[in-house]
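Let us walk through this structure together, one region at a time. Keep the sequence and the 3D view at hand as you read.

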Amino acid sequence: MDDTKNVGGRDRLVRFLLAAVLSIVSVRWLRSGKRVRGLLAGVGALGFGYNATTGYCGVNDALDVDTTGESEEVSIEFDESDDPTSGPSDEAEGKKKQRNQLTCAACGDPIVPGQSRGPNADDDIVHDGCA
Ligand SMILES: [Zn+2]
């Protein structure tokens, strides 16, 4: 039974408070005739109350979250692949630079796509006008 517990520490305390607040709000809304809101708040209160008393939450279970640990910190593992030294934006930037690195061997100016160019006598790519 202990294996199913995944709500603890601060998480459990917050759920207790939410259950208490929602039950108060629910009663107020039901008394003032706001039945749908009152019922929803009541359901929420029961849900959080259930989590807090049993220490089990289906949502936590589905998300593989366990807050019963000593640290009281939610143990969600973040994807740390966002390394600034080899980010995907840098890679794209590098490819863009390489694509624009084609320069005329004769005048040294970059040859932009669409410009007519071709190999000269030394087999270097130059502008058609520079060959
Ligand atoms: Zn040129």
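A residue is called buried here when its relative accessible area is under 20%, and exposed when that value is over 50%, with partly exposed in between. His-127 has a relative accessibility of 10%, so it counts as buried. Please keep in mind that this is a predicted model.

With that in hand, let us step back to the whole chain. The protein contains four helices and two strands, and from the N terminus on these elements run α-α-α-α-β-β. There are 131 residues in the protein, and buried ones make up 20% of them. The accessible surface comes to about 10100 Å², with 55% of it belonging to carbon and sulfur atoms. Among the contacts with a separation of 6 or more, 43% are between residues 24 or more positions apart.

Now to the metal site. Which residues coordinate the zinc ion? The donors are Cys-104 (SG), Cys-107 (SG), His-127 (ND1) and Cys-130 (SG), at 1.9 to 2.4 Å. Along the chain, the donors of the zinc ion follow the spacing C-x2-C-x19-H-x2-C. Why is the arrangement called tetrahedral? The four donor atoms subtend angles of 100 to 118° around the zinc ion, and four donors count as tetrahedral if all angles lie between 85 and 135 degrees.

Cys-104 is buried, at 3% relative accessibility, whereas Cys-107 is partly exposed, with a relative accessible area of 38%.

His-127, the residue we began with, lies in strand β2, which covers residues 125–127. What does His-127 touch, leaving aside its neighbours within four places in sequence? Its contacts are Cys-104, Cys-107, Asp-109, Pro-110, Ile-111, Gln-115, Ser-116 and Arg-117. The C-alpha atoms of His-127 and Ala-106 are 7.8 Å apart in space, while the two residues are 21 apart in sequence.

Most residues other than glycine have a negative phi. Asp-123, however, has a positive phi of about 70° although it is not a glycine. Asp-123 sits in the loop between β1 (117–119) and β2. Is this residue buried or exposed? With a relative accessible area of 61%, Asp-123 is exposed.

Asp-64 shows a positive phi too, near 60°, and it is likewise a residue other than glycine. Its place is the loop between α3 (58–62) and α4 (88–99). At 67% relative accessibility, Asp-64 counts as exposed.

Asn-6 lies in the segment before α1 (9–31). Its relative accessible area is 5%, so Asn-6 is buried. What surrounds Asn-6, again leaving aside neighbours within four places in sequence? It is in contact with Gly-55, Tyr-56, Cys-57, Asn-60, Asp-61, Val-65, Asp-66, Thr-67 and Thr-68. For one of these, Cys-57, a polar contact can be described: its backbone nitrogen lies 2.9 Å from a polar atom of the side chain of Asn-6.

Cys-57 also leads us to Gly-47. The two residues are ten apart in sequence, and their C-alpha atoms are 8.7 Å apart in space. Gly-47 has its place in helix α2, residues 35–54, and at 31% relative accessibility Gly-47 counts as partly exposed.

Side chains of opposite charge can pair when their charged atoms come close. How many salt bridges does the protein have, taking a cut-off of 4 Å between the nitrogen and the carboxyl oxygen? The count comes to one. Arg-15 forms this salt bridge with Asp-11, and the closest N and O atoms are 3.0 Å apart. Arg-15 and Asp-11 are four residues apart in helix α1, so about one helical turn separates them.

Technical notes:
Residues numbered from 1 in each chain as written. Predicted model: local features only at pLDDT ≥ 70, side-chain atom pairs only at ≥ 80, totals over all residues. Heavy atoms only, no water. Buried < 20%, exposed > 50% of the residue type's maximum accessible area, 1.4 Å probe, protein only. Polar contact = N/O pair within 3.5 Å; in protein donor to acceptor, adjacent residues only side chain to side chain. Contact = heavy atoms within 4.5 Å. Areas by Shrake-Rupley, 256 points an atom, 1.4 Å probe, with all protein chains shown as cover. Salt bridge = Lys/Arg side-chain N within 4 Å of Asp/Glu carboxyl O. Donors = N, O, S within 2.8 Å, 3.2 Å for Na, K, Ca; no water. Tetrahedral: all angles 85-135°; square planar, octahedral: opposite > 155°, others 65-115°.
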